[in-house]
Amino acid sequence: MLRQKIAVIIEGSIARCMEEGTVPHGLAINPVIDIPREEQFGDYSSNIAFFLAPKVRKSPLEIARMLIGGMVFDDVCDKVEVAGKGFINFYVRDDAWRRALRNTYEAGIASLYPNVGGGKKVLIEFVSSNPTGPLHIGHGRGAAVGDVLSNMLKRTGYEVVKEYYVNDAGKQIRTLGESTYLRWKELKGESVEFAENLYQGEYVKDIAALIVKKGLDVPEDRDEAVRFMASFASEEVLMVIESDLEAFGVKFDNYFRETSLYRRGMVESTLDLLKKKDYAYEKDDALWFRTSSFEKDEDRVLIKSDGEKTYFASDIAYHQDKLQRQFDMLVDIWGSDHHGYIPRMRASLQALGLNKEALKFLLIQFVTLLKNGKPVGMSTRSGEFTTLREVLDEVGKDAARFFFLMRKCDAHLEFDLDLAKKTSNENPVYYVQYAHARIESIFRVAAEGGIALELVKDADVSLLQMKEEISLIKMILQYYSVLEGGATSFEPHRVTFYLLNLVAKFHSYYNKARVLGVDPDLTLARLLLLKMLKKTIKDGLDILGVSSPERM
């Protein structure tokens, strides 16, 4: 990879400076090399001079000039220059880009996968919606982010397990049981008072009707009947959730139940351990956790004064269980309204003597659904909200997944239903998929025209002289940096942005250059470029869980 060659150039220059005595021996050097935002600042840039400045006791500008003086870069760069107060910008030779394309083509698309993870085990927990109702579009965004992040981390050297935490204990499940029980009584012809705090959606009536249809034996005692209804209804809802997620292309490795923590005594044993360490104390007939001992946050309740354990209590036990399963890193993907929950979770791991740095969080901002240019109302309490399944039925899996990754996850997203359904280049996912289909079409026409496609592998890439061709090669090879940056910062949207930019360059090139019907050798060279481009587009779409159609 060219970036590694730039690193070797920098390291070689530093080594020569060490020999001359201008840089101290024994420094651990790992040059940070970035791709500048603006093309006029070169193909690669490094801030190594700023890193060396306090160690060498010279200004970054002096160090940068000194390093350039000792660089050997003729076979890689046309020039290297100092910019700003000490950045070093590298301008790569066109023939170096062409050689890199050839090497990547021969090595395969996997050669563009950076080994960020080094085999570390990661548990990604996402969606984890309470099984009290169907998934809405907010859950859909979390599902897309979690699934695509998982795919990206797998590409970059991590062992990934995807988990859904099922909150099948607690007040909300009891409320679902009460809601179902009352709807069941209604179906039996009884008059009931249905309070506003109960679940209002039609799905509750459907579950109650299913109980009647199956002729299930409902206990006569009201409390036992509600518990029975809660168990039955939550299982039915969970089956619907699993079905919706499967239709969305999301399949979990584990569905971890909260009740299993209670059944195994893990919640009690975790609370006992916190008491033993004096990080849990009693006040006002409740049990509290000393969050303030670790974070700038108030102490939190573990067991309420009525004896009911909070979600926080079982969440601590759950995260302890996660780390006991020998994961190196835990990633929790939550709704943005859970922001205040993060400090207490980190504090709880510290209190248990576990590594809080192993715990990472992604917060998903809200989604506004637009139809005819106007927001669609959302109210989960009244049951009037747009479900994920409804969105899938209207726009399809590909558009839904792509649109959910159109912005960084901590930014508010407007999901335009009308745009997602368009079959034109206005629709971003169509725009990318159409590029893949167009390249496939070029190869079909080439084969029908008698071009020996088996010769593409031996094409003379030095014939790729257009500036648009070099620009396209650069963009293809940037895939490595996109995956590296996305995996390091947990930003799966980078793949979406990259594909849109890559395809824009392709369409621009296609409008200026004839691939077929030119000199045979040039045709083969351009077909090699397009074959590598097609593989890159497909790989990016695979990470997004979006199909790569051959015809459109």
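A residue counts as buried when its relative accessible area is under 20%, as exposed when that area is over 50%, and as partly exposed in between. In this predicted model, 19 of the 25 residues of helix α20 are buried, so α20 is largely enclosed by the rest of the structure.

**Helix α20**

- Helix α20 covers residues 520-544 and has 25 residues.
- From its first C-alpha to its last, α20 reaches 36 Å, close to the 36 Å expected at 1.5 Å a residue.
- The N-terminal end of α20 is capped by D519, which has a side-chain oxygen 3.0 Å from the backbone nitrogen of D521.
- After α20 comes G545, and the phi of G545 is positive, near 75°.

- Strand β4 (residues 87-92) runs antiparallel to β3, and 6 bridges join the two.
- V80 has F90 in β4 as its bridge partner.

**Aromatic pairs**

- A pair of aromatic rings is described by two values, the distance of the centres and the angle of the planes.
- The count of aromatic pairs comes to 23.
- One of them is the tilted pair of F50 and F87, with 4.9 Å centre to centre and 50° between the planes.
- This pair links distant parts of the chain, since F50 lies in helix α2 (residues 48-56) and F87 lies in strand β4, 37 residues apart.
- F50 has a relative accessible area of 31%, so it is partly exposed, and F87 is partly exposed at 38%.
- F228 and F232 form a stacked pair, with 6.4 Å centre to centre and 15° between the planes.
- Because F228 and F232 are 4 residues apart in helix α8 (residues 222-247), about one helical turn separates them.
- F228 is partly exposed, with a relative accessible area of 27%, whereas F232 is buried, with a value of 15%.

**An aromatic cluster**

- One aromatic cluster is formed by Y279, F289, F294, F312, W334, Y341 and F361.

**Charges over rings**

- K79 has its charged end over the ring of Y91, 4.5 Å from the ring centre.
- K535 has its charged end over the ring of Y105, 5.1 Å from the ring centre.

How values were computed. Residues are numbered from 1 along each chain as its sequence is written. This is a predicted model: local features need pLDDT of at least 70, side-chain atom pairs count only at pLDDT 80 or more; totals for chains, interfaces and linings use all residues. Side-chain values use heavy atoms; hydrogens and water are left out. Two strands pair if DSSP finds at least two bridges between them. The expected span of a helix is 1.5 Å times one less than its number of residues. Buried means under 20% relative accessible area, exposed over 50%, partly exposed in between (1.4 Å probe, protein chains only). A polar contact is a pair of N or O atoms within 3.5 Å; within protein, one must be able to donate a hydrogen and the other to accept it, and residues adjacent in sequence count only if both atoms are side-chain atoms. Rings of Phe, Tyr and Trp (its six-membered ring) pair if their centres lie within 6.5 Å; planes under 30 degrees apart count as stacked, over 60 as edge-to-face and the rest as tilted. A charge sits over a ring if NZ of Lys or CZ of Arg is within 6 Å of the ring centre and within 35 degrees of the ring normal.
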